[in-house]
Amino acid sequence: MAPEALIIQDALSIELIRRRLSAQVVGRQIYLFGEVPSTNETLRHLTKAGAREGTVVLAESQTAGRGRLGKAWFSPFGVNLYASILFRPTISPEAAPVFSFIASLALADAIRALGLPAAIKWPNDILVERKKVAGVLAEVATAGDRLDYVILGVGVNLNVDRQALLEALGDAGHAAAALRELTGKEIDRNAFSASFLNFLDEWLLVYRDRGAAALLKAWRDRDILTGRRVQVREQRITFDGRARGVHADGQLVVEDSKGLTRKVVAGEVRLLD
Ligand code: BTN
């Protein structure tokens, strides 16, 4: 293969991202890889070796990209965003679910800045026209009863083909989309990455300055589920009900068909209407 055949048109570039980065904490250190098993995993190793808060790991592809609830995250080369960011907030482990909302808020803002009506589906999925375009995998490490660090891993379908989504995800591909097909334009991955990291830094500062209540308010403004009929699958239990919003602890409140109020910790939620 000729060497030029290996060059991707819109390759991720730390320099091009830095040119647009105005963040104070996020992106203090940025690592970019061609291929890793999972950026969350790579960042976990760097964290153990002493990485600072705000360290970012980016990759052009992942061979074992992970989603929530043990699912895989489709991570083809050179078309999307796969990023993990390290935080060391001085909060209790119980506060981590709400802290993780900084990632979905930043994603929603970065996608809205492209002119798309992004909404958040609990806990941290981003939907546009009811199709999932991005997700967040939050991984928390504790030391005794203290929170040691949080890694927020985000995957965004930017320029991946519809055909590739369908081939990789099967029927689930119909519930997913890429920002390119929604805007009708190729997404500049470096510009999008910088925009997301800038918004992430802003939401981190909001959390530091104004606390969880400010995040919850913003998150509720972008929430697509409240008032809608949903199906919840949690471990081996499935039930239908109506979403009643997010509780102050970050759990989803659902009123089931018998009128009982139930809190969802880590389930999968499907919109029914
Ligand atoms: C989900 O919606 O299920 C969460 C998807 C999170 C995917 C991202 S891609 C970058 C980071 N590394 C991973 O292995 N997963 C997250």
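On the side of domain 1, the greatest losses of area to domain 2 fall on Leu-69, Lys-121 and Trp-122. Together these residues account for 47% of what that side buries. The model is predicted. Within the protein chain, domain 1 covers residues 3-222 and domain 2 covers residues 229-271. The C-alpha centres of domain 1 and domain 2 are 25 Å apart. Their contact draws 13 residues from domain 1 and 14 residues from domain 2.

Polar pairs also cross this interface. Five residue pairs are in polar contact between domain 1 and domain 2, with both residues at pLDDT 80 or more. One salt bridge is found across the interface of domain 1 and domain 2. Lys-71 and Glu-268 form a salt bridge, and their closest N and O atoms lie 2.7 Å apart. Two helices, H3 (96-99) and H8 (212-222), each supply at least two residues of the side of domain 1 that touches domain 2. Helix H8 gives the most to that side, with three residues.

Glu-268 falls within strand E12 (268-271), one of the five strands of an open sheet. The strand order is E11-E10-E9-E8-E12, and the pairing is antiparallel. Strand E11 (261-264) and strand E12 are the edge strands, each pairing on one side only. On average, neighbouring strands of this sheet are turned by 45° against each other, direction ignored. Strand E10 (residues 252-256) runs antiparallel to E11, and four bridges join the two. Glu-255 has Thr-261 of E11 as its bridge partner.

Salt bridges were also counted over the whole structure. The total is 19. One of them joins the side chains of Arg-208 and Glu-53, at 2.7 Å from N to O. Arg-208 belongs to helix H7 (residues 189-210), whereas Glu-53 sits in the loop between helix H2 (39-48) and strand E2 (56-62), so this pair ties together parts that are 155 residues apart in sequence.

Key
Residues numbered from 1 in each chain as written. Predicted model: local features only at pLDDT ≥ 70, side-chain atom pairs only at ≥ 80, totals over all residues. Heavy atoms only, no water. Pairing = 2+ DSSP bridges. Axes fitted to C-alpha atoms, helices over the stretch in contact; angles between N-to-C directions. Domains from an automatic or database assignment. Contact = heavy atoms within 4.5 Å. Buried area = accessible area lost by both parts, 1.4 Å probe. Salt bridge = Lys/Arg side-chain N within 4 Å of Asp/Glu carboxyl O. Polar contact = N/O pair within 3.5 Å; in protein donor to acceptor, adjacent residues only side chain to side chain.
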